[in-house]
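Subject: Structure handover

Dear colleague,

Here is the structure that I am handing over to you, together with some notes on what was found in it. Please keep it open beside this message as you read.

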Amino acid sequence: MKAVGVIVEYNPLHNGHVYHLQEARRLSGADAVVAVMSGPFLQRGEPAIVGKRARTEMALHAGADLVLELPVAYAVQAAEWFAFGAVSLLHRTGVVDSLCFGSESGDLDSLQRIARVLAVEPAGMREDIARRLREGASYPAAYAGAAAALAPGGVDTHDAAALLEQPNNSLGLHYLIALQRLGSAIQPYTAARTGAAYHEATPGPGAIASATAVRRLLMADGPDAAAPYVPAATLAILHREWQEGRAPIHWERFAQPLLHLAATRRASELERIAEVTEGLEYRLSRALAQLPEPSVEALLNALKTKRYTRTKLQRMLAHLLLNHTKAECSPEQLAAGPGYLRVLGFNAQGQSLLKQMKKTASLPVVLKPSTFTHNQLELDIQAQVAYGLACEHKDTRKMFSDYYESPVRL
């Protein structure tokens, strides 16, 4: 059985994601789709608008066959480590033959040529990134500029810079770099993004809107507002989560515990938290004392500068909320890769893959965390508990659902 991997967040799953799943099967010729999905907290540092079980259901209804959780230690990271963790999971299953990611360009060849140069980080690249940061660039812009300057023959530097300024192209580049570093035989494919752009805040005329636009509709007017842009199964799941008080989850639901943690820690304690860099512990303390209102949005606005993007700051706040230290999220720790394959859900085809994985996987396959112990898994369970505290109707069993609930079966 041929299997294609996809790396997703589904926040929430919409019609553009259905197109990606269809293209993944078409381009790769695969019989099954394995999705690696972030849990409660996402790559941009945000909490997911609905929980991971609901998003797993959406994925299975839309065409995924097996859903694995990306450990939170990788899920709330910049592109390099997010990509490395997710690709590592697909590689270690032993059943995934190909990887299909979305990109703005659809230009796999150019991305692969750049990835081959960057897979063994060239001398001077970190110094070039640091120089660009000193000149006021954000980290994504500094990385894109430094990477473009090293573009191989046949790829124009200006074209490379323009290519890597697009978020899906940039993330796709990191998937390709991860494949190179792992020496993986997984074959990459890319599906050109169609319809709305990644950050497009309002829906266009078609049936495909960005996840950003769909979330805005959901937050403003509830599930029915998103109906034209999501599959019927997603809409039904969104209605259920709203009715049962498990959605919508957003940053302001964490305002009280987050502001308490930030305000009651000394600078030396804040400095140990992941992503608290270059004196941000002092900037955070000063900002707290000057907030016009006790909200996460006000805090983000007070902290944001040209250099510190909202995404960087949201990841910092997520690490603060979850007490993730620099030691736990160090490059040395992350380079070791995920320590297990956590199964969130599957259908009949996925169940066949699971049977095959038990013979081929080079990591333990975990269906119930109560039967397995690992430092990264402890962080996942803690993240789910913190996420559960933000639900309108708090349920201790739901907060500790990682212990009680089996994977979703469709």
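The notes below begin with the basis of the model and then turn to a serine and to the aromatic residues.

This is a predicted model, in which local features need pLDDT of at least 70 and side-chain atom pairs count only at pLDDT 80 or more, while totals for chains, interfaces and linings use all residues. Residues are numbered from 1 along each chain as its sequence is written, and side-chain values use heavy atoms, with hydrogens and water left out.

S184 sits in the loop that runs between α9 (167–182) and β5 (187–192), where helices (H or I, at least four residues) and strands (E, at least two) are DSSP runs numbered from the N terminus. Its relative accessibility is 14%, so S184 counts as buried (under 20% relative accessible area, with a 1.4 Å probe and protein chains only). Leaving aside residues up to four places away in sequence, S184 touches H91 and L179, contact being heavy atoms within 4.5 Å.

As for the aromatic residues, rings of Phe, Tyr and Trp (its six-membered ring) pair if their centres lie within 6.5 Å, and planes under 30 degrees apart count as stacked, over 60 as edge-to-face and the rest as tilted. By this rule there are seven aromatic pairs. In one of them, W81 and F84 have ring centres 5.6 Å apart and planes at 85 degrees, so the pair is edge-to-face. Both residues belong to helix α4 (residues 79–93), three residues apart, about one turn of the helix. F41, W251, F254 and Y387 form one aromatic cluster.

Best regards

Key:
Buried < 20%, exposed > 50% of the residue type's maximum accessible area, 1.4 Å probe, protein only.
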